[in-house]
Amino acid sequence: MKKFNINIIFLIIVLFSSFSFNVYQMNELKKEGREQNHIDQEFLSSLRILKRSLENDSSLSSHVIRHATKAESLSKFTSYYDETYVVQVYSIVLLDYLLQMTYLNKDIDDISKKQELIQVLDELSKDPLDEQMMSELQYLLIELKKDYDFN
């Protein structure tokens with residue numbers, strides 16, 4: 001009878017430990033999900049603020065560069081980051097273009113291209129994996145670079 005009680009107590013301890021571990025893991029997964037959601041929202045927010053900065057600033061300012069840098073930095077930690085690296089690539093290319101323009105003290109002179117860039121950033125801030133908008137951004141940046149003949 002004593003052996004039976006010891007086995008029951010041992011079983012209760014094992015079940016309680018298993019239950020406690022499962023609750024702990026569930027809380028950690030929720031915490032990780034909240035952190036991931038926060039990073040995704042910060043990335044999208046950076047794209048939106050970058051778009052607004054381009055709309056409101058007559059020239060490329062440090063505000064524009066700051067948010068382009070933030071978006072690029074966050075891009076590899078978002079849930080949008082996958083084996084294709086497309087979000088990171090367009091973030092890097094956009095930051096590179098804006099840095100080159102700032103270094104050369106240039107602005108986007110073609111108003112229609114600037115408006116198109118603003119529109120593309122607006123769409124990407126809604127859906128950063130929109131393939132059509134990613135392609136349009138890459139094409140637009142190539143066209144803008146041709147205007148200034150970057151090497």
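Modeller: Helices here are DSSP runs of H or I with at least four residues, numbered from the N terminus. Keep in mind that the model is predicted.

Colleague: In what order do the elements of the chain run from the N terminus?
Modeller: The chain has five helices and zero strands. Read from the N terminus, the order is therefore written with helix symbols by the DSSP runs. That gives α-α-α-α-α.

Colleague: What radius of gyration does the chain have?
Modeller: Start with the box. The C-alpha atoms fill roughly 90 × 25 × 25 Å along the principal axes. A compact globule of 151 residues would come out near 15 Å. The chain has 24 Å.

Colleague: How far does helix α1 reach from its first C-alpha to its last?
Modeller: Helix α1 covers residues 2-56, which is 55 residues. At 1.5 Å a residue, 81 Å is expected. The model comes close to that, at 80 Å.

Colleague: Which helices are included in what covers the buried residues of α1?
Modeller: Buried means under 20% relative accessible area. In α1 the buried residues include Phe-43, Leu-44, Leu-47, Leu-50 and Leu-54. Asp-40 and Lys-51 are also among them. Their cover includes α2 (62-75), α3 (86-103) and α4 (111-126).

Colleague: What share of the contacts with a separation of 6 or more comes from residues 24 or more positions apart?
Modeller: Contact means heavy atoms within 4.5 Å. Take the contacts in the chain with a separation of 6 or more. Residues 24 or more positions apart account for 69%.

Colleague: How far apart are the mean positions of the positive and negative charges?
Modeller: The chain carries 17 positive and 24 negative charges. Their mean positions are separated by 11 Å.

Technical notes
Residues are numbered from 1 along each chain as its sequence is written. This is a predicted model: local features need pLDDT of at least 70, side-chain atom pairs count only at pLDDT 80 or more; totals for chains, interfaces and linings use all residues. Side-chain values use heavy atoms; hydrogens and water are left out. Helices (H or I, at least four residues) and strands (E, at least two) are DSSP runs, numbered from the N terminus. The radius of gyration is taken over C-alpha atoms; the globule rule is 2.2 Å times the number of residues to the power 0.38. Lys and Arg count as positive and Asp and Glu as negative; His and the chain ends are not counted. The place of a charge is taken as NZ of Lys, CZ of Arg, CG of Asp or CD of Glu. The expected span of a helix is 1.5 Å times one less than its number of residues. Buried means under 20% relative accessible area, exposed over 50%, partly exposed in between (1.4 Å probe, protein chains only).
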